[in-house]
Amino acid sequence: MTVQITILGLGQIGSSIGLALANAKDQVLRVGSDKEPEVSKQAQKLGAIDKISFSMPDAVAEADLVVLAVPADEVHYTLQAIAAYLKAGAVVVDTSPVTVQSTQWAKELITQEDRYFLTFTPAANARYLHETDKGPSSAHADLFKDNIIMLTSAPGVDASAVSLAENLARLLGATPIFSDPNEVDGLLSTSHLLPALLAVSLVNITAGKAGWSDGRKLAGARYARVAELAELLDAGKKPAAEVLHNRENALRAIDNLLIELQELRDTIASGDEEQLHARLENARKAHLVWKQQRATGKWEEKSKSQIMPSFGESIGRLIGIRPKREREKNDGKN
């Protein structure tokens, strides 16, 4: 039996998921769809998908699992476009960075029985953290290997749907971590949103302002590395959506940043070299620790060892997903 996994959005995340499933081509049919036809063709040429569908309803009609890998400003439209065409037992997982909002949209739009929605927030392999291209050309089969994927689901989602999302994470080489949408959004506000907003602020107070005609010529590595993050807001046509759909957490993160900047300003104003050195050195050391931990995956956390299922076993678990109504019917015969 073949499992159909449909990937909507074939940028770096979507194409990387497809590439990671390439070893299971005899058991998994990978259908891909992207709003840009050339992107779909590029993903197929790379081997990330087996079949292109230029119609989202057609792409999901026979899908056992649908992966949304679209920007935050396209999630609502995409869910709206596919909801009526999902078959019984289908599971939709969303990789966008707006977990609370996408869960609410799914609750409103996916109303038929036995269709399930979860969020699926992946962390990238440390070796690819400095890549800025988010197209299929930056896709990697091991993009999620040896990292975590945070899963959330609304109350009432069938256990088999949760298991399917968990097994997909393991197929990608990642460790699934179960969480709450509010917690995930809170974490993303500081680790994902704030760096980009800080970069936006830097660019806005420099580019085009007084002195920039000469300052731009002196701007070097430090400026370039920070300013580049302004490009990493969600890749849709409306990057503000990513911020506004996580508004409360974004505001909290900015408030904490303002407090830190004020304390740093006060330290500089006081001329206290020892205190300023301590603040700078603390940040440098903390960053080095994080960088080493992120690269090695060693977090000094105590956890129970888990026996990871083999690739084949995980595929088998995907195949075992059935609509809830069908399982209850069969169980009643026993």
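**Entry 1: strands.** I began with Thr-119 and found that Thr-152 in S7 stands opposite this residue. I note that the model is a predicted one. I then looked up the pairing of the strands: S6 (residues 116-122) and S7 (residues 148-153) run antiparallel and are joined by five bridges. On turning to S8 (residues 175-178), I found four bridges to S7, in the parallel sense. Within S8, I recorded Thr-175 as the bridge partner of Ile-148.

**Entry 2: the crossover.** I followed the chain through S7, helix H6 (residues 159-171) and S8, which make a right-handed β-α-β unit.

**Entry 3: salt bridges.** I counted ten salt bridges in the structure. I looked up Lys-35 and Glu-74, whose closest N and O atoms are 2.5 Å apart in a salt bridge. This pair links distant parts of the chain, 39 residues apart: Lys-35 lies in the loop between strand S2 (28-33) and helix H2 (37-46), and Glu-74 in the loop between strand S4 (65-68) and helix H4 (75-82). I noted Glu-74 as buried, at a relative accessible area of 15%.

**Entry 4: pairs within helices.** I found a salt bridge between Lys-41 and Glu-38, with 3.6 Å between the closest N and O atoms. Because they are three residues apart in helix H2, about one helical turn separates them. Lys-41 is partly exposed at 43% relative accessible area, whereas Glu-38 is exposed at 54%. In helix H6 I examined Arg-170 and Glu-166, four residues and about one helical turn apart; their side chains meet in a salt bridge of 3.3 Å, N to O. I recorded Arg-170 as buried, since its relative accessibility is 13% and the cut-off is under 20%.

Key: Residues numbered from 1 in each chain as written. Predicted model: local features only at pLDDT ≥ 70, side-chain atom pairs only at ≥ 80, totals over all residues. Heavy atoms only, no water. Pairing = 2+ DSSP bridges. Helix = DSSP H or I, 4+ residues; strand = E, 2+ residues; numbered from the N terminus. Right-handed = clockwise from strand over helix to strand, strands pointing away. Salt bridge = Lys/Arg side-chain N within 4 Å of Asp/Glu carboxyl O. Buried < 20%, exposed > 50% of the residue type's maximum accessible area, 1.4 Å probe, protein only.
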